[in-house]
Amino acid sequence: MRVDDKTDVVASLILKSERVVALTGAGISTESGIPDFRSPGGIWSKYDPEEFSFQRFLASEDARRRYWEFSRDFYPVVASAKPNAAHLALAELYRLGKLHCIITQNVDGLHQKSGVPEDKVIEIHGTLMFVVCLDCGKKYPRGEIQKRVEAGELPPRCECGGVLKPATISFGQPMPAREMRLAEEAATSCDLFMVVGSSLVVYPAASLPLLAKRSGARLVIINLTPTAHDNYADVVIHGKASATLQKIVMLVKAKMRENST
Ligand code: APR
Ligand code: ZN
């Protein structure tokens, strides 16, 4: 089936669904200038993911210093990034009442910047927008700590003397219980689950499309390259998220107009 026909099929699925849920990954933010992880030239082609595990971070001051040096340089790229047409298309689907919520693996806050309400974005890998103390739990706005780190405080420390870490979930770090519960509830209660821009290789996030499918939902995957779960999907579109989602939203609106006349 041609991509055009598939976008039409997806638009029809969205129209007749009662509850649509999206799961996004780093691929939805590459067109905003934020590199993904596993594409050629992605973050894990430059850095060893082992180096950024939670165990390493806890193990030594030196590991925390290296982690914070990376984060110091990466944060400005994220902070200055703007939502791209893919984020805006999902935000428009939400405004049309055709998107219940977005589960995201991303920590860049771009879904919220695109206008989707905070409580409709489930950040299962946390967020770069805050920093937390692993000892006393105090939460700091990232901007405040970024200034201190750029001034040379490496690694930054909490006023209690505790260890500060960006509020993201690193490999080996426990998943946020509340967000995972919300994500599983969303996956099991939707009738259409749309994956956008994820290789679907990191668990438990990658189990959500399968959970949705097992719960009776249709599964759509929109990704530049094949993913680990393409064979479970009802529709797979290998293409850019922005062009594909813009097309789909245009078709949804056209069908809504047709139905209303
Ligand atoms: N449009 C559509 N898909 C894209 C685009 C684009 N413009 N750009 C990249 N992609 C696809 C890539 O082909 C790739 O398959 O997005 C996918 C991104 O996959 P990953 O880099 O593995 O990112 P993600 O799936 O979000 O990784 C999950 O792994 O390292 C951890 O915590 C990190 O949240 C991240 C998790
Ligand atoms: Zn503290």
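**A cavity and a ligand pocket**

The lining of the largest cavity holds 6 nonpolar residues, no polar ones and 2 charged ones. Here Ala, Val, Leu, Ile, Met, Phe, Trp, Tyr, Cys and Pro count as nonpolar, Asp, Glu, Lys and Arg as charged, and the others, Gly among them, as polar. This is a predicted model, where local features need pLDDT of at least 70, side-chain atom pairs count only at pLDDT 80 or more, and totals for chains, interfaces and linings use all residues. Residues are numbered from 1 along each chain as its sequence is written, ligands are numbered from 1 in the order in which they are written, and side-chain values use heavy atoms, with hydrogens and water left out.

Which residues line the largest cavity? They are Phe57, Arg64, Trp68, Pro155, Pro156, Arg157, Val163 and Leu164. A cavity is a set of points on a 1 Å grid over the protein atoms alone, where a 1.4 Å probe fits but cannot get out; lining residues have an atom within 4 Å of a point. The volume of the largest cavity is about 30 Å³, counted as the space filled by probe spheres set on the points.

Now turn to ligand 1. Its space is the largest pocket. A pocket is an open set of grid points with protein on both sides within 12 Å along at least five of seven lines.

Around ligand 1 stand 23 residues, each with a heavy atom within 4 Å of it. The closest are Phe37, Arg38, Ser198, Ser199 and Thr225. This shell has 7 nonpolar, 12 polar and 4 charged residues.

Polar contacts are pairs of N or O atoms within 3.5 Å. The side chain of Glu31 has an N or O atom 2.8 Å from a nitrogen atom of ligand 1. For Arg38, a polar side-chain atom is 2.7 Å from a ligand oxygen atom.

Technical notes. Polar contact = N/O pair within 3.5 Å; in protein donor to acceptor, adjacent residues only side chain to side chain. Sits in = over half its atoms within 2 Å of the grid points.
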